[in-house]
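Colleague: Please bring up the model, and let us go through it one question at a time.

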Amino acid sequence: MATTEMDIDQPNDSINAAAGSPPPTTTSDTHTSTGAVAVRSIEGWIVLVTNVHEEASEEDLQELFGDYGDIKNLHMNLDRRTGYVKGYVLVEYPTQKEAKAAVAGANGAKLLDQTINVDFAFVRPPPKDGHNAGRRGERGRSGLKKAQRERSRSPNEAEKE
């Protein structure tokens, strides 16, 4: 077995963490550009970089994102046919402070004459408004009410009548 220890973030509220419920959202939580709360993955804080130039190399990204902290892992998806970058990269940092610095500093930066977008990969969506937000009852996946309708009859049943 490996002897390396995993970094563990301390919970904001030890009572809620012990009960298994998520900690309450506070003003100190890290938010994405869409307002969702950024959350840690199992291994670290993962940052999603989009609009990456297809000819970008791992060294280019290590140089750019290494300025914000220690990079734990950098994953570049390559197109099988061309061998070029697919347009996005995942960068993993061990601490929230480093990931937050990378999002704030590198978002909108130029990489090979192309403006990149940087945000957290894993987020908890903002709470929904309304008292029935958790109930799915008569609401579909889109959250809109569906018109109540009867199920159509099978062709064999329609012929019998």
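Colleague: Is F120 buried or exposed?

Modeller: This is a predicted model, in which local features need pLDDT of at least 70, side-chain atom pairs count only at pLDDT 80 or more, and totals for chains, interfaces and linings use all residues. Residues are numbered from 1 along each chain as its sequence is written, and side-chain values use heavy atoms, with hydrogens and water left out. Buried means under 20% relative accessible area, exposed means over 50%, and partly exposed is in between (1.4 Å probe, protein chains only). F120 has a relative accessible area of 6%, so F120 is buried.

Colleague: In what order do the elements of the chain run?

Modeller: Helices (H or I, at least four residues) and strands (E, at least two) are DSSP runs, numbered from the N terminus. The chain has four helices and eight strands. From the N terminus on, the order is α-β-β-α-β-β-α-β-β-β-β-α.

Colleague: Which kind of aromatic pair do W45 and F120 form?

Modeller: A pair of aromatic rings is described by the distance of the centres and the angle of the planes. Rings of Phe, Tyr and Trp (its six-membered ring) pair if their centres lie within 6.5 Å; planes under 30 degrees apart count as stacked, over 60 as edge-to-face and the rest as tilted. The structure holds one such pair. The ring centres of W45 and F120 are 6.1 Å apart and the planes meet at 70°, so the pair is edge-to-face.

Colleague: How many residues apart in sequence are the parts that this pair ties together?

Modeller: W45 is buried too, at a relative accessible area of 5%. W45 lies in strand β2 (residues 45-50) and F120 in strand β7 (residues 117-120), so the parts tied together are apart in sequence by 75 residues.

Colleague: How far from F120 is S33 in space, C-alpha to C-alpha?

Modeller: S33 lies in the loop between α1 (14-19) and β1 (37-38), and with a relative accessible area of 65% it is exposed. S33 and F120 are 87 residues apart in sequence. Their C-alpha to C-alpha distance in space is 9.1 Å.

Colleague: Which side chain of opposite charge is nearest to D119?

Modeller: D119 lies in strand β7. Leaving out residues up to four places away in sequence, D119 touches T32, S33, V47, L48 and V103 (contact means heavy atoms within 4.5 Å). Lys and Arg count as positive and Asp and Glu as negative, while His and the chain ends are not counted. D119 is buried yet has no salt bridge, and at 11 Å the nearest side chain of opposite charge is K100.

Colleague: Which residue forms a salt bridge with E92?

Modeller: A salt bridge is a side-chain nitrogen of Lys or Arg within 4 Å of a carboxyl oxygen of Asp or Glu, and by this rule the count comes to one. With the closest N and O atoms 3.8 Å apart, the partner of E92 is K72.

Colleague: Which residues have the most contacts inside the largest nonpolar core?

Modeller: A nonpolar core is a set of buried Ala, Val, Leu, Ile, Met, Phe, Trp, Tyr and Cys residues joined through side-chain atoms within 4.5 Å. The largest has 24 residues, and those with the most contacts inside it are V49, F65 and V89.

Colleague: Which elements each supply at least two residues of that core?

Modeller: In soluble globular proteins, nonpolar side chains tend to be buried together. Leaving aside neighbours within four places in sequence, the contacts of F65 include V49, I71, V91 and V118. The elements that each supply at least two residues of the core are β2, α2 (58-66), β3 (73-78), β4 (85-93), α3 (96-106) and β7.

Colleague: What is the phi of L112?

Modeller: Most residues other than glycine have a negative phi, and most peptide bonds are trans. L112 lies in the loop between β5 (110-111) and β6 (114-115), and is partly exposed at 39% relative accessible area. L112 is not a glycine, yet its phi is positive, at about 55°.
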